Number of protein chains: 2
Amino acid sequence: MTTYQSRQLDALGDPTRRAIIAQLRGGPLPVGRLARRLPVSRPAVSQHLRVLKQARLVTDRSRGTERLYALNPEAFDSLRAYFDEYWSLALAAFKEKVEALPPEENR
Amino acid sequence: MTTYQSRQLDALGDPTRRAIIAQLRGGPLPVGRLARRLPVSRPAVSQHLRVLKQARLVTDRSRGTERLYALNPEAFDSLRAYFDEYWSLALAAFKEKVEALPPEENR
DNA sequence: CCGACTGGTAAGCTATTACTTACCGTTCGT
DNA sequence: ACGAACGGTAAGTAATAGCTTACCAGTCGG
């Protein structure tokens with residue numbers, strides 16, 4: 001029940017990080033391979049990976065001298081649940097009363 | 001089938017815009033009322049609303065002298081579908097072969 | 001009409017952030 | 001044990017993005 005959603009959405013709000021995620025869709029990759037496929041330097045990739053890791057969107061494990069990064073299914077599941085819970089409620093209400101008037105004067 | 005997902009994720013990658021969305025969960029609101037509930041100025045809210053509108057996350061209609069902003073259910077639905085389609089595939093694969101080896105040498 | 005309200009836009013400042021190069025520690029093969 | 005490759009971190013720069021104040025246009029009520 002952690003409140004990682006903000007951090008996750010912030011992390012997803014960058015094109016390069018989304019590109020990293022797109023690459024990781026194919027399976028775990030070491031940092032160097034990841035950097036070679038992207039138009040930025042390896043340190044930049046490392047920094048993005050740190051953000052993604054803090055948001056729990058990726059996990060890492062070291063294998064020999066290299067470090068494998070992979071998508072974290074649980075985080076994406078929780079994010080999807082967040083969408084369902086948080087927004088579907090409000091949206092379902094909207095679809096019924098589309099012509100709803102705004103709430104009365106508060107503040 | 002439009003490719004608004006990037007723009008939507010970029011738009012959601014800002015706390016103030018998420019706060020705006022949170023306010024709009026309760027129903028449509030005019031800009032001024034929205035600004036009064038947030039710790040930023042009205043022009044700032046206007047600028048955020050422009051971004052949210054370009055991402056199709058909100059819709060607006062004018063009523064008299066004021067302009068009502070509301071969440072756009074379709075956009076949130078499509079974004080949720082994006083999550084399901086785009087990520088669930090990769091993640092389902094992961095859950096089966098958790099100990100999968102990384103792909104062979106390509107590039 | 002005219003004054004008061006609405007909200008969008010312009011211009012400019014500040015702060016954040018994404019990027020680079022340079023450096024360092026770790027791990028493995030020979 | 002040494003050399004090479006891996007990748008994380010530090011420091012500095014440049015671009016971006018969010019914010020503010022000031023201004024302007026449209027709409028409604030008197």
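Is A:Phe83 buried or exposed? A:Phe83 is buried, at a relative accessible area of 2% (buried is under 20% relative accessible area, exposed over 50% and partly exposed in between, with a 1.4 Å probe and protein chains only). This is a predicted model, in which local features need pLDDT of at least 70 and side-chain atom pairs count only at pLDDT 80 or more, while totals for chains, interfaces and linings use all residues. Residues are numbered from 1 along each chain as its sequence is written, chains are lettered from A and ligands numbered from 1 in the order in which they are written, and side-chain values use heavy atoms, with hydrogens and water left out.

**Aromatic pairs**

- Over all chains, the search of the whole structure finds two aromatic pairs (ring centres of Phe, Tyr or Trp, the last by its six-membered ring, within 6.5 Å; planes under 30 degrees apart are stacked, over 60 edge-to-face, the rest tilted).
- A:Tyr82 and A:Phe83 make an edge-to-face pair, with 6.5 Å from centre to centre and 85° between the planes.
- The pair of A:Phe83 and B:Phe83 is tilted, because the planes stand at 45°, with ring centres 4.8 Å apart.
- This pair joins two chains, because A:Phe83 lies in helix 5 (residues 73–96) of chain A and B:Phe83 in helix 5 (residues 73–96) of chain B (helices are DSSP runs of H or I with at least four residues, strands runs of E with at least two, numbered from the N terminus).
- B:Phe83 is also buried, with a relative accessible area of 2%.
- Through ring pairs, A:Tyr82, A:Phe83 and B:Phe83 are linked into a cluster.

**DNA strand D**

- There are 23 residues around DNA strand D, and A:Gly32, A:Ser46, A:Tyr69, B:Ser41 and B:His48 come nearest (a residue is near a strand if one of its heavy atoms lies within 4 Å of it).
- Of the atoms of DNA strand D within 4 Å of the protein, 62% are sugar and phosphate.
- Phosphate oxygens of DNA strand D lie 2.9 Å from a backbone N or O atom of A:Val31 and 2.4 Å from a polar side-chain atom of A:Ser46 (a polar contact is a pair of N or O atoms within 3.5 Å; within protein, one must be able to donate a hydrogen and the other to accept it, and residues adjacent in sequence count only if both atoms are side-chain atoms).
- The side chain of A:Arg42 places an N or O atom 2.9 Å from a base oxygen of DNA strand D.
- Helix 4 of chain A gives the largest share of the surface near DNA strand D, five residues.

**DNA strand C**

- Around DNA strand C there are 23 residues, of which A:Ser41, A:His48, B:Ser46, B:Thr65 and B:Tyr69 come nearest.
- Sugar or phosphate holds 63% of the atoms of DNA strand C within 4 Å of the protein, and bases the rest.
- A polar backbone atom of B:Gly32 is 3.0 Å from a phosphate oxygen of DNA strand C.
- A side-chain N or O atom of B:Arg42 is 3.0 Å from a base oxygen of DNA strand C.
- B:Thr65 has a polar side-chain atom 3.0 Å from a sugar or linking oxygen of DNA strand C.
- Helix 4 of chain B supplies the largest share of the surface near DNA strand C, five residues.
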